[in-house]
Amino acid sequence: MTHFSDDHAVTSARPNGAQRATFAAGCFWGVEAAFRELDGVRDVTVGYTGGTTPDPTYEQVCGGATGHAEAVEVIFDPATVSYLQLLDTFWHIHNPTTLDRQGWDLGSQYRSAIFFHDSEQERLALAARESEQESLVKPIVTEIVPATTFYRAEEYHQRYFERSGYAACGVTLEVPATS
């Protein structure tokens with residue numbers, strides 16, 4: 001697995017049998033924290049994906065011109081936690097009905113998106129979105145698109161809640177409207 005940061009590729013080993021999933025659901029700090037709580041998740045990296053600017057910085061992504069979303073790359077053991085379980089977590093940690101917004105965070109970098117890595121992930125994500133929509137009043141605006149290059153965010157963003165002592169951000173505070 002390759003992450004890109006500061007114009008340098010950094011290669012990290014993926015444990016045998018582990019798979020990768022990539023999600024955007026607003027501020028990546030809260031998304032990272034939520035996925036780290038799941039048994040079977042081996043690692044979570046915060047970063048940027050879905051845009052056109054190579055090696056973006058946090059400031060560039062926040063400026064809105066890169067097209068990237070704040071996202072997390074989840075390395076998981078499918079023998080312990082399934083992709084469907086990851087999707088269930090994704091749907092319930094943010095509001096998938098708000099366009100380019102989560103809580104007080106505004107901009108396309110905070111959009112809701114699932115970046116699939118293969119046709120099975122795409123199939124499961126589309127089915128899960130359809131199923132989730134049945135319980136919501138507003139339409140889901142979550143993008144389901146092929147994964148592109150994932151750029152690791154700056155080190156001070158990694159495990160931010162663990163290091164800072166904060167416990168919430170826009171992702172963890174807003175609950176979707178249900179019928």
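How far is the sulfur of C62 from the closest cysteine sulfur, and in which residue does that sulfur lie? The distance is 9.4 Å, to C27, which is too far for a bond. This is a predicted model, with a chain average pLDDT of 86.

**Confidence**
- A pLDDT of at least 70 is reached by 80% of the residues.
- Residues 1-13 stay under 50 in pLDDT, and the model gives them 29 contacts beyond four places in sequence.
- Residues 172-179 also have a pLDDT below 50, with 23 contacts in the model beyond near neighbours in sequence.
- Where pLDDT is low, the predicted coordinates should not be read in detail.

**Cysteines**
- The structure holds 0 disulfides.
- C62 and C27 do not form one because their sulfur atoms are 9.4 Å apart, whereas a disulfide requires sulfur atoms within 2.5 Å.
- C27 counts as buried because its relative accessibility is 7%, under the 20% limit.
- C62 is partly exposed, at a relative accessible area of 30%.

**Nonpolar cores**
- The largest nonpolar core has 34 residues, of which F23, F35, V74, Y83 and L86 touch the most other members.
- At least two residues of this core come from each of β3, α1, β4, β5, α3, β8 and α4.
- Beyond its neighbours within four places in sequence, V74 contacts Q19, R20, A21, F23, F35, V41, D43, V44 and L86.
- Two of these partners, F23 and F35, are listed with V74 among the core residues that touch the most other members.
- In soluble globular proteins, nonpolar side chains tend to be buried together.

**Helix α3**
- Helix α3 spans residues 83-92, and its buried residues are Y83, L86, L87, T89, F90 and W91.
- These buried residues pack against the strands β3 (19-25), β4 (41-49), β5 (69-76) and β8 (112-116), and against the helices α1 (28-36) and α4 (119-133).
- Y83 and L86 are buried in this helix and are also among the residues that touch the most other members of the largest core.

**Loop residue D77**
- D77 lies in the loop that runs between β5 and α3.
- D77 counts as buried because its relative accessibility is 16%.
- From its side chain there is a 2.9 Å approach to the backbone nitrogen of A79.
- Not counting residues up to four places away in sequence, D77 touches G40 and R42.

How values were computed: Residues numbered from 1 in each chain as written. Heavy atoms only, no water. pLDDT = per-residue confidence, 0-100. Contact = heavy atoms within 4.5 Å. Buried < 20%, exposed > 50% of the residue type's maximum accessible area, 1.4 Å probe, protein only. Helix = DSSP H or I, 4+ residues; strand = E, 2+ residues; numbered from the N terminus. Core = buried A, V, L, I, M, F, W, Y, C linked by side-chain atoms within 4.5 Å. Polar contact = N/O pair within 3.5 Å; in protein donor to acceptor, adjacent residues only side chain to side chain.
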